[in-house]
Amino acid sequence: MLHTIVGLGLFILRLLLSPRPRHVRTRLSEEYILQALASQSGQEAYQLTQYARLNTHVPVLRLYMDVERDMKSDFRMSRQAFNGLLNILQQERDHGWGHNLEVLIFVFWLAHGASYRSTAQAFDVPKSTIFRVVHRIAKEIRRCKSKVIFFRSPNTLEEVGLGFGQLARHKAFNKAVGAIDCCHIRIKPPEHNQLDYLNYKRFHSIKLQGICDSSGRFLDICVGYGGSVHDTQILRNSPVYVHSLYPPPGNFLLGDGGYPCLELPIPIITPFRHPLQGRMQEPFNGKHGRAWSIIERTFAAMKARWRATLFKALEVRPEFCSEVSLACAFLHNVCLTHGDVLEEPGLQPEGPELQPEGPLAPLEKHDFQERSGAYMRDVLCAYISTPSSPF
C-alpha cells in the first residue's frame with residue numbers, strides 16, 4: 001500500500017511539473033487525487049488521472065480559446081466583459097487556467113438556465129464538480145460585491161443628477177442621484193413557509209431591492225426577502241435606510257408609489273397619489289415617472305441578459321436564490337463597465353408594482369424617526385409649474 005501511494009505521488013508530481021501548452025494544462029481536483037491515493041491499484045489511479053484531464057475539444061472551450069470569436073451567443077456577455085470579470089475575481093485568488101475555467105463554467109451555467117446537467121455535458125465535467133464550482137464562484141462574487149456595486153462618489157453626483165434631469169426633461173430633478181424599486185425573482189415553491197414567498201401575482205418569488213443611477217448601473221441591492229413582503233418593509237430593514245448610507249445631504253432618490261415620501265432618514269421623492277389635487281401634480285408625476293423608470297429598465301435589462309435563468313423559476317435551494325440574483329446584478333454592472341450593452345427587441349420594463357393594501361408586517365426596531373418629504377416634493381412641483389423653468 002505504501003509503495004502504491006509513493007509511486008502515485010511521484011506520478012502526479014511529474015504530471016504537474018511537465019511542460020504543457022497553457023490551454024491544455026491538466027487540472028486535478030482534490031476529490032480525484034484523494035480517490036486515487038486511497039486505491040490500491042495503480043491502473044485504477046491512472047484511469048482516475050486520465051479522467052481528470054481537461055478536454056479541450058468540447059465546443060465551449062474551443063470557442064473561449066479562439067480569441068477572435070464572439071462569446072456573447074453562448075455566454076451572454078462579451079469577451080471584453082468576461083476578461084474584466086476575471087480581473088476582478090482573480091484579485092482574490094491566484095491566476096491560472098483553473099480559475100478561468102471555473103468562472104467560465106459559472107457564466108455558462110447562468111446563461112443556460114442554471115442547469116447543472118446541461119453545463120456538465122457542455123464542459124464534459126461531472127455534475128457534482130459543476131455544483132461545487134458554481135457555489136464557489138457565487139461566494140467569490142459576494143465577497144467582491146463592493147468592487148462592482150457601490151454608491152457614486154461625491155465628485156460624480158453632479159453628472160448623475162444631470163442624467164436624471166435629462167431623463168425627466170426638467171432640471172428640477174438634477175439633484176436626484178438614484179432610483180429605487182423592487183423586482184420579483186421567480187423561485188420554485190420551497191418546502192417550508194411557502195406563503196412567505198407567494199406574492200400578489202400568485203407565484204413564488206424572492207424580492208430584489210435595487211438602487212440604480214441615471215445610466216442604469218446598480219448602486220446597491222438588497223435581496224432575499226420573500227415575495228409577500230411589502231417594498232416599504234424591505235426598505236426599512238435594508239442597510240441603506242437603517243444606516244442612512246445614500247444619498248448624501250442635498251440629494252434625493254426617486255421611488256414609486258409603493259414607498260413613503262421621505263426626508264429622513266433618507267430622502268425619497270415619490271409621485272402624488274390619486275386622486276390628484278390641482279393641475280400642478282399631473283405634470284410633476286409625468287416627469288417623475290420618466291426619470292424613475294430607469295430602475296425598471298435596469299431590471300428588465302438584467303433579466304433579459306440572463307433570461308434563461310430569470311425568466312423561469314430558479315431551480316436551486318431558496319437560500320441560494322439570493323446568491324444567483326446577486327450574481328446577475330453584479331455581472332450586469334461588469335458588462336456596462338466594459339461597454340457590453342444589451343440591445344434586443346422586446347426589452348420591456350415590468351412597470352410600477354401594485355402594492356397590496358393593508359397593514360405592514362412588524363418591523364425590526366431601529367433608533368431613528370421618519371420625517372415626511374411632502375414639503376420637498378411640493379417645492380419641486382411648484383418649481384416645475386413655474387413658466388420660466390424649462391430644462
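Residues are numbered from 1 along each chain as its sequence is written, and side-chain values use heavy atoms, with hydrogens and water left out. Because the model is predicted, local features need pLDDT of at least 70 and side-chain atom pairs count only at pLDDT 80 or more, while totals for chains, interfaces and linings use all residues.

The chain holds 19 helices and seven strands, where helices (H or I, at least four residues) and strands (E, at least two) are DSSP runs numbered from the N terminus. Of its 391 residues, 51% are buried, a label that stands for under 20% relative accessible area, with exposed meaning over 50% and partly exposed in between (1.4 Å probe, protein chains only). Among contacts (heavy atoms within 4.5 Å) with a separation of 6 or more, 68% come from residues 24 or more positions apart.

Five residues separate the two strands of the hairpin, and Gly216 in the turn has a positive phi of about 85°. Strand 3 (residues 218-226) is largely enclosed by the rest of the structure, because seven of its nine residues are buried.

Tyr116, Thr119, Ala120, Ala122 and Phe123 are buried. These residues lie on the same side of helix 8, since they cover an arc of only 165° around the axis, the arc being that of the directions from the helix axis to the C-beta atoms. Arg117 and Gln121, on the other side of helix 8, are exposed.

Helix 11 (residues 157-168) packs against helix 15 (residues 281-292) at an angle of about 125°, with the axes 7 Å apart. Here axes are lines fitted to C-alpha atoms, for helices over the stretch in contact, and angles run from 0 to 180 degrees between N-to-C directions. The two helices are therefore oblique to each other, given that angles under 35 degrees count as roughly parallel, over 145 as roughly antiparallel, 65 to 115 as roughly perpendicular and the rest as oblique. Their crossing is right-handed, which applies if the near helix is turned clockwise from the far one by less than a right angle. At this crossing, Phe164, Leu167 and Ala168 of helix 11 meet Lys287, Arg290 and Ala291 of helix 15. In the other pair, the axes of helix 6 (residues 79-89) and helix 18 (residues 318-337) come within 9 Å and cross at roughly 120°, again in a right-handed crossing. Ala81, Leu85 and Ile88 of helix 6 meet Phe330, Leu331, Val334 and Cys335 of helix 18.

Most residues other than glycine have a negative phi, and most peptide bonds are trans. Asp124, in the loop between helix 8 and helix 9 (127-143), has a positive phi near 55°. Asn193 also has a positive phi near 55°; at 54% relative accessibility, Asn193 counts as exposed. The peptide bond from Leu264 to Pro265 is cis, with omega near 5°, and Pro265 lies in the loop between strand 5 (262-264) and strand 6 (268-269). Another cis peptide bond joins His274 and Pro275, with omega about 0°; Pro275 sits in the loop between strand 6 and helix 15.

Terms used. Two strands pair if DSSP finds at least two bridges between them.
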